[in-house]
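Have the picture open as you read.

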Amino acid sequence: MERRRPTLALAPAAAVAMMAVLSLSCCGVSAARVVPVSAAGGGGAERHPVILIPGAGGNQLEARLTEDYGPSSLACRVWPIVRGRGGWFRLWFDPSVLLAPLTRCFAERMTLFYDADADDYRNAPGVETRVSDFGSTSTLRYLDPNLKLLTGYMNTLASTLEKAGYEEGHDLFGAPYDFRYGLAGPGHPSQVGTAYLQRLRLLVESACAANGGRPAILMAHSLGGLFALQLLARSPLPWRAANVARLVTLSAPWGGSVQEMLTFASGNTLGVPFVDASLIRDEQRTSESNLWLLPTPKVFGNTTLVVSRHHNRSYSAKNMTQFLRDIGFEEGVEPYRARIRPLVEALPEPGVPVTCLVGTGVDTVESLVYGDGGFDEGPEEVVYGDGDGTVNLASLVAPIKAWSDSPAQVVEVVELPKVSHSGILNDKSALEQIIRIVDSINLNATSYQTSY
């Protein structure tokens with residue numbers, strides 16, 4: 001554990017593209033170590049289809065403005081200039097949002113509203129959004145196709161799979177989604193998130209049918225792992241057995257992330273200069289999926305995560321509603337209490353084998369201390385611990401403890417020292433492990449032994 005005052009560093013280009021969405025997290029206490037026994041060769045083997053599921057901010061998102069849209073400024077009224085395409089433009093990601101006058105336009109268009117009467121989330125008035133090319137990896141390879149060098153996301157991973165023999169549209173697919181939305185506990189609607197699970201279910205079935213009935217490999221990064229788990233948990237066991245060979249997660253935040261509390265409290269620009277943290281914070285708070293990524297009581301328990309000298313109070317995952325009130329986000333209290341808390345009370349068993357690839361040994365926010373100036377001034381002190389730089393280790397390896405009493409549930413954890421949350425998609429050692437795992441599945445053989 002390392003204690004130090006917070007500093008800002010210029011984020012890499014890929015992180016710049018993520019600045020307006022909440023950071024993803026994963027925590028863990030102890031990890032199972034998966035030791036390679038032999039490299040799996042996959043030459044000539046029939047391949048199980050692979051479906052890539054991105055994390056938050058990991059695919060392009062389009063928007064269209066209607067006559068009900070009320071721009072907050074002249075800049076928002078005229079930007080962007082859209083010609084053709086039925087008025088649709090790329091909302092995420094477009095580098096123009098880094099320009100101060102347009103950051104507010106972007107934020108107000110990305111903002112969600114909780115409708116208490118409908119008990120569900122919706123877009124801002126006059127803003128329509130859509131995800132294009134569902135089933136393809138095109139919108140998750142690059143966040144801006146005009147800036148491929150700077151906005152690459154899953155392209156390296158997808159290209160690595162293609163070099164191993166996979167073919168786009170035949171046995172390699174993508175499942176992009178509107179990452180602002182999430183899911184809710186039993187008895188609560190989540191129209192957008194539930195519709196995504198249905199589309200994902202149909203994609204899995206069609207991928208299997210197109211590949212001789214071989215069940216698919218779900219390969220999910222970060223928040224995508226939570227959606228994949230919910231798809232499995234909400235599907236009948238016979239369906240899972242017939243359609244999913246294995247869930248492979250990359251940096252999945254099973255128990256949320258402490259860094260998410262920083263995002264809610266004072267905004268998180270990821271070190272990008274000249275960006276108003278409070279403006280970004282207001283938009284970040286409205287994201288339904290960001291509430292889902294707050295630290296869960298199941299993983300973090302009563303551990304103090306945030307201290308506020310101004311309020312003379314400390315906060316753990318178990319008094320999150322008080323934290324939301326004290327930061328001035330009263331409107332988030334009821335959605336968190338009624339919709340999110342029941343969703344994260346337990347980590348449901350997926351009913352298929354799971355392999356978790358996790359980065360370790362990267363400084364990760366473990367606790368925050370705010371001074372007399374309150375939450376708006378940012379933390380005076382940050383304590384760092386183990387994790388992947390975004391998600392805490394305890395969260396990353398949470399399935400080990402959650403499913404340890406179920407002998408039928410296979411769980412493997414592959415530790416990747418010094419590999420970061422997003423670096424796992426490009427790191428050579430991580431990609432080698434991914435290909436070995438895929439090869440072993442295709443050979444219908446286990447090439448890894450798990451030890452605890």
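## The enclosed spaces

Two cavities of 30 Å³ or more turn up in this structure. A cavity here is a set of points on a 1 Å grid over the protein atoms alone where a 1.4 Å probe fits but cannot get out. Volumes are the space filled by probe spheres set on the points, with grid points joined across faces, edges and corners. This is a predicted model, where local features need pLDDT of at least 70 and side-chain atom pairs count only at pLDDT 80 or more, while totals for chains, interfaces and linings use all residues. Residues are numbered from 1 along each chain as its sequence is written, and side-chain values use heavy atoms, leaving out hydrogens and water.

The second largest cavity holds about 30 Å³ of space. Lining residues have an atom within 4 Å of a point, and here they are Tyr177, Asp178, Tyr181, Val192, Gly193, Tyr196 and Phe227. Helix H7 (residues 191-209) gives the largest share, three residues. Helices (H or I, at least four residues) and strands (E, at least two) are DSSP runs, numbered from the N terminus.

## An open pocket

A pocket is an open set of points with protein on both sides within 12 Å along at least five of seven lines. The second largest pocket has about 450 Å³ of space. Of its 24 lining residues, Lys298, Val299, Leu347, Ala398 and Ala402 are the closest to its centre.

Which helix supplies the largest share of this lining? That's H17, with four residues. H8 (223-233), H13 (297-300) and H17 (398-402) each bring at least two.

## A helix on the inside

Eight of the eleven residues of helix H3 (residues 100-110) are buried (under 20% relative accessible area, with a 1.4 Å probe and protein chains only). So H3 is largely enclosed by the rest of the structure. Among the buried ones are Leu102, Phe106 and Met110, and also Glu108 and Arg109. The cover over them includes strands S4 (61-65) and S5 (89-92), plus helix H11 (277-286).

## Two helices crossing

H11 also packs against helix H10 (residues 259-266), at an angle of about 115° and with axes 7 Å apart. Axes are lines fitted to C-alpha atoms, for helices over the stretch in contact, and angles run from 0 to 180 degrees between N-to-C directions. That makes H10 roughly perpendicular to H11 (65 to 115 degrees).

Where they meet (contact means heavy atoms within 4.5 Å), Thr263, Phe264, Ala265 and Ser266 of H10 face Ala277, Arg281, Gln284 and Arg285 of H11.

Note on methods. Buried means under 20% relative accessible area, exposed over 50%, partly exposed in between (1.4 Å probe, protein chains only). Angles under 35 degrees count as roughly parallel, over 145 as roughly antiparallel, 65 to 115 as roughly perpendicular and the rest as oblique.
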